[in-house]
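Thanks for coming. I will go through one structure this morning, part by part, and look at how the parts meet.

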Amino acid sequence: MRVHLTVNGRDETVDGVWEGESLLYVLRERMGLPGAKNACEQGECGSCTVYLDGLPVCACLVAAGQADGRRVRTVEGLADGGRLHPIQEAFVECGAVQCGFCTPGLLVQAHDLIERVGEPSDAEIREALAGNLCRCTGYEKILDAVRLAAARRGAARTGTEDRS
Amino acid sequence: MTAPVTAGRRYAGAALDRVEGLDKVTGRAAYAADHRPADLVHAVAVPATIARGEVVQVDVDAMLKRPGVVAAIWHGNAPRLATSDEELAVLQSRRVAYRGQYVAVVVAETPEDAREAARTLRIEYVAEEHDVILRADHPRAYRPENVNAGHPSDTGQGDPDAALAAAPVVVDEEYGTPAEHNNPMEPHATIADWHGDGLIVHEPSQNVSGLRATLASLFGMPPGHVHVVSPHVGGGFGSKAKTLPHTILAALTAKQVGRPVKLALTRRQLFVATGYRTPTVQRVRLGAEPDGRLIAITHDAVMQSSTLSEFTEQTAVPSRVMYAAPHRRTTHRVVRLDVPTPSWMRAPGECPGMFALESAMDELAIACGVDPVELRVRNEPAAGPESGLPFSSRNLVACLREGARRFGWAGRDPRPGVRRRGRTLIGTGVAASTFPALRAPSSATVRAEPGGRYTVRIAAADIGTGARTVLTQIAADALGTAPAAVTVELGDSALPPAPVAGGSMGTASWGTAVVRACEELAARLEAAGGTVPDGGLEVTADTGREVRAQERYSRHAFGAQFAEVGVDADTGETRVLRLLGVFAAGRVLNPKTARSQFIGGMTMGLSMALLEESIMDGRFGDFLNCDLAQYHIAAHADVRDVQAYWLEEEDPHLNPMGSKGIGEIGIVGTAAAIANAVHHATGVRIRELPIRLDKLVR
């Protein structure tokens with residue numbers, strides 16, 4: 001079957017997709033976007049989290065056909081050209097990245113949280129990211145990174161508003 | 001002995017950002033399964049559905065008629081391998097040694113076709129009765145010659161039985177830890193590609209030099225014909241340190257079909273043949289004076305291994321190091337069952353062993369009416385309690401004191417079960433941590449370019465620890481340059497051979513080689529008038545002689561962990577409200593990466609205490625809960641407040657950096673601190689992990 005997607009702002013058409021294929025498979029194996037990771041393939045770990053029409057989903061649980069005609073944004077599409085999003089910078093700066101395998105999914109989930117909530121409380125952060133398992137960091141530095149990115153984004157917004 | 005490098009130490013100790021961080025936050029970092037060579041076919045390993053017996057026949061012909069199927073291989077048509085290692089002799093025998101052992105592999109053009117073929121492949125077995133449950137009184141338990149890491153199985157001094165019989169205070173209890181699975185976030189995957197008589201393997205590996213040697217030997221070729229590529233490893237915790245059967249299967253299959261093969265294990269398959277922590281049954285006996293001073297310590301541990309190979313975890317070994325006592329004994333017994341072979345999981349030996357010893361110490365503190373921190377201080381040895389060797393440095397007491405201060409331990413009411421906040425019972429607990437500071441021989445090359453850039457080459461592994469970053473800092477200091485001028489290349493078997501990222505000895509081993517290569521390069525540059533020749537200048541160092549000649553010391557890192565828990569009085573739901581660890585681990589080379597290592601280890605210890613347990617199904621002979629929905633690891637919302645601190649520790653007897661390994665000590669003792677806190681909260685002593693609701697609600 002043929003699937004049309006807008007991925008990270010680009011219109012893409014993929015042919016020969018098998019009906020049982022996941023969105024994750026299409027992204028990784030057919031479109032050369034291996035950023036989203038396959039770590040459980042049954043929606044338990046969050047490593048494959050991507051945006052689908054603006055909502056974070058486990059790409060392993062979305063059939064490719066369900067994504068037809070919709071917008072997808074992956075970790076590869078978080079940066080604005082060469083400029084990293086504050087959440088990406090904060091992950092490196094705070095030491096929230098170790099082996100890096102959970103990182104792409106966590107970044108999308110954390111990106112959604114701060115874009116949606118602004119400056120979430122610690123409890124909100126822990127709850128919102130509870131579906132993204134990490135085996136290395138113990139989560140404390142991920143929490144720090146989300147706090148830092150949210151604060152910076154907030155400050156940047158305020159700055160913009162002040163200027164306008 | 002060589003003195004530590006002190007001159008120009010500007011970057012070791014600095015909180016440098018992870019050098020590959022940018023690649024990892026943009027999705028550019030390439031892991032093994034991300035690699036897609038042209039003409040790739042997909043292999044799926046077919047697991048045995050019996051726990052013991054023989055494969056009689058595999059219906060290869062029917063399988064080959066299916067569309068898309070390229071090959072189906074089993075013992076009957078597999079190429080022969082040159083090995084006496086039964087674990088790696090994949091498809092070399094009809095025997096089935098455990099349920100899930102690979103008995104065939106199917107190869108197809110697409111992953112779906114391969115998966116479907118594996119599911120429907122008809123295999124005829126003759127099943128035999130199996131035995132998969134570990135018991136301390138198992139009739140086939142025996143004393144292995146050695147246990148993991150080369151320790152003797154049994155040790156003893158004095159007459160512990162008589163001393164225990166006469167001791168004024170005795171603790172004599174049995175403790176148990178379950179089987180646990182490493183579960184790195186990245187599942188194991190192999191892409192094997194033959195070019196003529198050479199083999200390229202993309203594989204997440206903690207030991208590319210070791211994997212190259214094993215593959216070369218199995219396929220009967222010189223090591224130079226095997227190339228293992230592993231630039232990024234998505235976590236390992238020991239499970240990617242040894243050569244595993246699926247890698248052999250992928251290489252063998254690629255050779256047979258003459259095309260590159262991808263064999264990616266699913267999360268469920270990780271629970272079978274990528275190693276796990278053995279369950280343990282441990283008996284600890286402590287005999288003491290009324291003031292808590294130990295007279296006798298015995299620690300007897302029983303573990304399991306497979307019928308294929310003997311792997312015995314060094315569970316009682318930490319009891320040889322921790323506390324002074326004139327009478328002592330440690331023993332290890334192993335039972336060979338029809339189960340997969342257990343292997344290394346973060347702090348093998350120390351982790352389960354210290355759960356037992358440090359729980360028993362808490363019980364002794366209560367029996368003597370002595371504060372648990374004070375009890376440990378009173379039993380501090382002047383030298384290695386069994387080895388008699390001086391400690392190169394030992395700051396357990398300082399860690400306990402500093403931890404108690406930071407945690408607010410002073411004035412703690414020792415009575416159990418008396419603090420309540422609403423429905424929640426509150427308690428606090430403490431336990432000690434320890435891990436050996438080892439070092440293995442390594443080689444490394446450093447190259448200077450005329451423009452002022454340097455490249456360090458070493459077959460080390462960065463499994464998320466920060467090795468690439470810390471080696472960059474170490475090299476920058478040794479060369480007297482900035483980290484930005486240094487590129488570290490690792491994770492490739494074509495680089496100078498280096499030991500495993502395991503045993504918390506990576507940085508000590510690799511760092512020594514990097515320092516020696518840099519020192520030699522700097523000396524040669526100086527001799528050449530400080531000018532790098534047009535073609536560059538390159539130096540290789542090998543630390544074999546230096547490491548073998550090191551002085552005899554007892555070298556260990558120590559730590560103290562404090563936990564506060566809340567237990568729901570009605571449901572038994574246990575939450576770790578606070579975890580605080582203080583460690584003494586030589587010089588910390590990068591506070592940013594180090595803190596994450598400590599906190600990550602402590603969190604895995606929290607996970608061990610409350611959640612992790614692989615349940616063996618006695619009837620079918622495999623682990624029942626083999627995915628992340630059923631095998632729980634701590635999620636973000638399970639963690640409330642984890643803090644790690646360290647003491648400045650100067651130790652001239654370690655290595656040029658003055659560092660001790662920090663990857664494993666964080667998990668050691670955490671579970672005991674939590675179990676001790678649960679006892680303090682509830683009055684219920686949990687001696688068998690994990691601390692589940694049903695064990696607390698009576």
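**How the parts meet**

By the rule used here, the count comes to 11 aromatic pairs over all chains. Keep in mind that this is a predicted model. One of those pairs is B:W194 with B:F219, and the arrangement is edge-to-face, with 5.4 Å from centre to centre and 75° between the planes. Where do these two residues sit? B:W194 is in strand 11 of chain B, residues 189–195, while B:F219 is in the loop between helix 5 (208–218) and strand 13 (226–229) of that chain. They are 25 residues apart, and the pair links distant parts of the chain.

Next, salt bridges. A search of the whole structure finds 72 of them over all chains. Take one example: the side chains of B:D627 and B:R268 meet in a salt bridge, 2.8 Å from N to O. B:D627 lies in the loop between strand 27 (622–623) and strand 28 (642–646) of chain B, and B:R268 lies in helix 7, residues 267–273, so this pair ties together parts that are 359 residues apart in sequence.

That brings us to the domains of chain B. The assignment gives domain 1 (21–27 + 440–548), domain 2 (32–129 + 185–271) and domain 3 (370–438 + 552–698). I will look at domains 2 and 3 of chain B. Their centres, taken over C-alpha atoms, are 38 Å apart. In the contact, 6 residues of domain 2 of chain B meet 11 residues of domain 3 of chain B. The two bury about 850 Å² between them, and 66% of that is on carbon and sulfur atoms. On the domain 2 side, B:R99, B:R268 and B:F271 lose the most area to domain 3 of chain B, together 71% of what that side buries. Between these two domains the count is 2 salt bridges, and there are 2 residue pairs in polar contact. By class, the touching side of domain 2 of chain B has 3 nonpolar, no polar and 3 charged residues.

Now chain A. How is chain A divided? There is domain 1 (3–76) and domain 2 (86–158). The centres of these two domains of chain A, over C-alpha atoms, are separated by 22 Å. Here 16 residues of domain 1 of chain A are in contact with 13 residues of domain 2 of chain A. About 1100 Å² is buried between them, 60% of it on carbon and sulfur atoms. In domain 1 of chain A, A:T49, A:Y51 and A:V75 lose the most area to domain 2, together 39% of what that side buries. Strand 3 of chain A, residues 49–52, gives the most to the domain 1 side, with 3 residues.

Last, the two chains together. The contact takes 50 residues from chain A and 58 residues from chain B. They bury about 4100 Å² between them, 57% of it on carbon and sulfur atoms. How many salt bridges are there between chain A and chain B? The count is 5. In one of them B:R115 pairs with A:E41, where the closest N and O atoms are 3.1 Å apart. The interface also has 29 residue pairs in polar contact. On the chain A side, helix 2 gives the most, with 5 residues. By class, that side has 24 nonpolar, 12 polar and 14 charged residues.

Conventions: Residues are numbered from 1 along each chain as its sequence is written. Chains are lettered from A and ligands numbered from 1 in the order in which they are written. This is a predicted model: local features need pLDDT of at least 70, side-chain atom pairs count only at pLDDT 80 or more; totals for chains, interfaces and linings use all residues. Side-chain values use heavy atoms; hydrogens and water are left out. Domain bounds come from an automatic or database domain assignment. Contact means heavy atoms within 4.5 Å. Buried area is the accessible area (1.4 Å probe) that two parts lose on being put together, summed over both. A salt bridge is a side-chain nitrogen of Lys or Arg within 4 Å of a carboxyl oxygen of Asp or Glu. A polar contact is a pair of N or O atoms within 3.5 Å; within protein, one must be able to donate a hydrogen and the other to accept it, and residues adjacent in sequence count only if both atoms are side-chain atoms. Ala, Val, Leu, Ile, Met, Phe, Trp, Tyr, Cys and Pro count as nonpolar, Asp, Glu, Lys and Arg as charged, and the others, Gly among them, as polar. Rings of Phe, Tyr and Trp (its six-membered ring) pair if their centres lie within 6.5 Å; planes under 30 degrees apart count as stacked, over 60 as edge-to-face and the rest as tilted. Helices (H or I, at least four residues) and strands (E, at least two) are DSSP runs, numbered from the N terminus.
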